[in-house]
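Please look over the sequence and the model shown here before reading on.

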Amino acid sequence: MSLMYEMNEKAFEHGVPLSVHLDVTYRCNERCVHCYLDHDDHGEMTTGEIKGILDQLAEAGTFLLTFSGGEVFLRRDFLELVAYARKLLFNVKVKTNAVMIREHEAQELRRLGVEQIQISVYSHRAEVHDAITKLPGSWARTTRAIRFLKEQGLKVTIANVLMNGNLDDHKGAQALAHDLGVTYTLDPTVSPKMDGDHSILNLRVPGSVLPTVFHDASLVGNVDEYCAAPSTPGEDILNGIPCSAGHTSCYITPYADVFPCVQFPLPSGNLRQQKFMDIWRNSSQLADVRSIRARDLTTCSGCGHVGTCSRCPGLAFMEGDMRGPSTADCEKSFYRTGLPSENMRRQGLTMPAPSPMLQLVQIAPALVQGL
Amino acid sequence: MNNLYIARSSAIASRVLAGETMVMSVTDSTFFTLNEVATAIWQAADGVTPLTDIVTRSVCPEFEITPQEALTDAEEFVRELATHGILQVSEQPIPNQDAAIAGAA
Amino acid sequence: MMPLLEEVALHTPVVQIGGIGIALRTSSARFARMVEDRYDGFVTQEGAAQVSFDVELFDPHERERENARRQGTTLQSWESQFDDPFAEPPDDLAVTCEHRIWRIHRGDFDATWNPQTGHGHIRQTVNPYALDSVLRIVHSLVLAQQGTFLIHAASAIRNGRAFLFSGISGAGKTTISRLAPPDTTLLTDEISYIRKNVQKNGMKQQTAGYRAHGTPFAGELARLGVNCSAPLDTLYMLSQGPENHIDDIHPVEATQMLLRNILFFAHDADLVHRVFEAACRFVERVPVRRLTFRPDAAVWDLIG
C-alpha cells in the first residue's frame with residue numbers, strides 16, 4: 001500500500017489527528033443553492049484565536065490542514081493565516097470559489113507554498129454555474145482565477161457536485177477541467193443544512209442517473225471492479241471503523257466548535273473553552289464516535305455492502321442515528337452494483353424509495369404546480 | 001574531502017509521527033518518511049553545521065553506527081533528498097532564508 | 001371447468017459464493033431443494049443477484065424410458081438420478097464466446113450467458129455435478145473480468161489472515177486441511193475463490209491485495225467451507241517430504257505454477273490474456289512459497 005496509507009494507519013494506531021479541516025468563516029460572496037451553511041457571522045474567531053489553534057494542532061501532530069468556509073478570501077487576514085500555518089510546516093490545502101483570486105493572490109499562494117487548491121465549478125456553461133452560485137459573473141471570474149493559479153504552477157482541482165441544476169453538464173465540466181489542465185472530481189452528495197433543514201435534499205439527482213456516472217471509467221477507474229458485487233464480508237471488515245472522522249481527522253467551525261467532520265455536525269467541544277488536546281482526548285462525543293465498528297451498526301452490519309459502501313456516519317447521524325443507515329449511500333451502493341442494501345431489504349424495497357419530493361409529485365401534481 | 005552543508009527547503013511540509021518524520025514537497029506533492037537516523041540529520045540541517053559534525057554529534061552517539069559508515073550513508077541520503085528538492089546541499093554554508101521552526105512539533 | 005392458465009410455481013434460490021450471487025430460476029421444486037441442500041450456507045432466497053439463469057432440466061434417457069413404457073416395463077425413475085453420487089461427468093467441455101454471448105457445453109449441460117445483462121439459460125441433466133460445473137465456470141468468467149480467479153487450492157483462515165495451499169490432485173490439499181488445528185477456519189479443501197480486497201475511499205475505491213472466500217465445492221473432505229472471507233497472506237505450493245520447511249520461489253516459476261493451478265476452461269483469446277495478467281499481478285503482490293511437509297499437524301506451526 002502507499003506510504004500515505006501507511007501513515008494514516010500509524011496515525012490511527014496512535015490516535016493522532018493527522019488531518020484537520022478548519023473553516024475560517026461562514027460568510028460567503030456566493031449563495032450556492034445546495035450549500036448546507038448559515039452565512040451570517042455569529043462571531044467568528046479572531047486572527048489571534050485561529051493562530052492559537054494552529055499552534056495547538058501542530059503540537060497535536062496534525063499534518064494536513066485544509067482551510068475552507070464560506071469563502072476564505074472574505075477574511076482580510078486569510079493570507080496571514082496561511083503564512084502562519086506554513087511557518088508551522090502544515091501541508092496546506094485551500095478550498096475557495098476563487099472569485100476573489102487575482103494575480104496577486106495567486107502569487108502569494110505560490111510563494112507561501114500552498115500544496116493544493118480546490119475550486120467548485122458546476123458547469124462549463126456560465127449561466128448554469130451562475131444559477132447555482134447565485135452570483136452573476138462568478139463562472140468567468142472563477143475560471144480566470146484558475147488560469148492565474150495554473151500560471152503560478154499551483155496544483156488545482158475542480159470539484160463538481162452533481163445535482164438537479166447541473167445534471168446534463170457534468171461531462172462538459174469534466175472537459176473544461178481537462179482543457180484547463182486540472183484534476184476533476186464529481187460527487188453526487190448533497191448534505192442537509194447544518195441547522196437540520198432537509199429541504200435542500202430535493203436537489204439530489206434521481207438515483208436512476210447514477211448508473212451512468214458509476215459506469216464511467218473516466219470518473220471511477222476500472223468499471224468491472226467498481227461495480228462488482230461486494231465480497232462476502234469477513235471478521236476484518238466487521239472490525240473496521242466507518243471512516244477517519246474522530247479517529248485521524250476532525251473539523252473546526254469558525255466559532256471554534258469541534259465536530260468529527262464537516263458533514264457530521266456533532267458538537268464535541270469548543271476551543272474557546274477547552275484546549276484542543278483536551279477535547280481530542282477527553283470528549284465524550286468523540287469517544288462515542290470512536291467506539292463504533294462495522295459490527296456495531298444496527299442495520300449495516302448485516303449488509304453485503306458493509307465492506308465497500310460509501311456510508312457516511314455523518315449523513316447517518318443527520319438521518320437520526322450515527323449507528324444507523326445512510327439512505328443516500330444505500331442508494332449509491334444499489335445503483336453501483338444493482339444489489340439492494342440490507343436497509344432496503346428490511347423495508348421490503350427492491351429499488352430505493354423515491355425522494356419525498358418525487359412522491360409528492362406522483363400523488364398530487366396540482367399541489368406541486370404552485371411551487 | 002570537502003565539507004557538505006545541508007539546509008531544509010522551505011517548500012516543504014513536515015511533521016513528526018511516532019518517531020518518524022513525514023515530509024511532503026509542496027511543489028510536486030512527493031511524500032517521504034524519515035526514520036530516526038534520517039530525522040536526526042533532518043532536524044540538524046540548519047545550513048551552517050557541516051554534515052560531518054551533524055553525523056558525529058547527532059547520529060553516532062544516539063545510534064550505534066561507526067562515524068565512517070554514518071557519513072557515507074548520510075551523504076547518500078542527503079543527495080537523494082536534494083534530487084527531490086526538499087533539502088539543499090552545498091559545499092558552502094547556506095544562508096537562512098525563511099526560518100523554518102527546527103524539526104516542527 | 002379447466003383453468004385457462006396453469007400457474008407454474010417458480011423457485012429462485014440464489015447461490016452466493018464470494019459475494020457473487022447466481023439466481024437459478026426453476027419450476028422444479030425438487031431441483032430447488034437439491035440446490036438449497038447441496039450449497040447449504042451459501043444459499044439465499046431474497047435479494048437481487050447480478051447473474052441469473054433460467055434452468056431447464058432434461059432426462060438423457062428419455063428415449064429409453066419411452067420405449068420401456070411402450071413395452072410395459074419401467075426404467076429407474078429419472079428423478080432418482082438426483083441421488084446418484086457416483087455419476088461420472090463426461091469429458092467434452094467447451095466454453096466459447098461468440099458475439100459477446102458465452103456458450104458452455106458438455107455432454108450433461110448446455111448453457112448460454114450474456115455478461116452484459118447478467119442473464120442466461122441452462123439446460124442440464126438432474127445430476128448435481130452438472131450444476132457444480134456450470135457454477136464454477138460462470139464464476140471463473142465473472143472473476144476473470146475483475147482480474148481474479150478460482151484456483152486448485154485448499155484455503156483456511158488463521159489469526160484473521162487467509163492461507164492458500166495449492167497443488168494438483170494428490171499434492172496434499174486434503175491432507176493439510178485435515179491436519180488444521182481448531183483455531184483455523186476451513187474455507188475449502190479443493191477450490192479456492194480469490195477476489196480483490198477493495199477498500200472504500202469516498203467515491204473512489206482502492207484495491208489492497210486479495211481476499212480468499214469459502215466455497216461449497218468440497219473435495220475428498222466432503223465438507224462445505226464456511227461462507228466468509230479474509231485478506232490473503234500467502235500462497236503455499238505444496239510438496240511432501242520428510243521435514244517441514246518453507247522455501248522461496250522465483251516469481252517466474254511462481255507465475256507458471258499459479259497458471260497451472262488456476263481453473264480455466266475458456267477458448268477465448270481475450271480471457272486467456274486477462275487470466276495471464278491476473279496471475280502476474282497476483283505474484284507481484286502475494287508471497288508465493290513452497291511448503292514441504294510431512295503428513296502431521298506440526299506443519300501448522302509454520303503457518304499464520
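This is a predicted model: local features need pLDDT of at least 70, side-chain atom pairs count only at pLDDT 80 or more; totals for chains, interfaces and linings use all residues.

Residues are numbered from 1 along each chain as its sequence is written, and chains are lettered from A and ligands numbered from 1 in the order in which they are written.

Chain C holds an open sheet of eight strands with mixed pairing, in the order β3-β1-β2-β4-β8-β7-β6-β5. Helices (H or I, at least four residues) and strands (E, at least two) are DSSP runs numbered from the N terminus; two strands pair if DSSP finds at least two bridges between them. At the edges stand β3 (43-44) and β5 (94-98) of chain C, each with a single partner strand, so one side of each has no neighbour in the sheet. Helix α3 (residues 128-146) of chain C packs on this sheet and touches, among others, β1, β2 (20-25) and β4 (51-57) of chain C.

β3(C) runs antiparallel to strand β1 (residues 14-17) of chain C, and two bridges join them. In this pair, V15(C) stands opposite V43(C).

Between chains, residues count as in contact if their C-beta atoms, placed from the backbone, lie within 7 Å. On this basis 19 residues of chain A are in contact with 17 residues of chain B. α1(A) gives the most to the side of chain A that touches chain B, with six residues.

The contact of chain A with chain C takes 24 residues from chain A and 28 residues from chain C. Here α10(A) gives the most to the chain A side, with three residues.

How values were computed. Two residues are in contact if their C-beta atoms, placed from the backbone, lie within 7 Å. Axes are lines fitted to C-alpha atoms, for helices over the stretch in contact, and angles run from 0 to 180 degrees between N-to-C directions.
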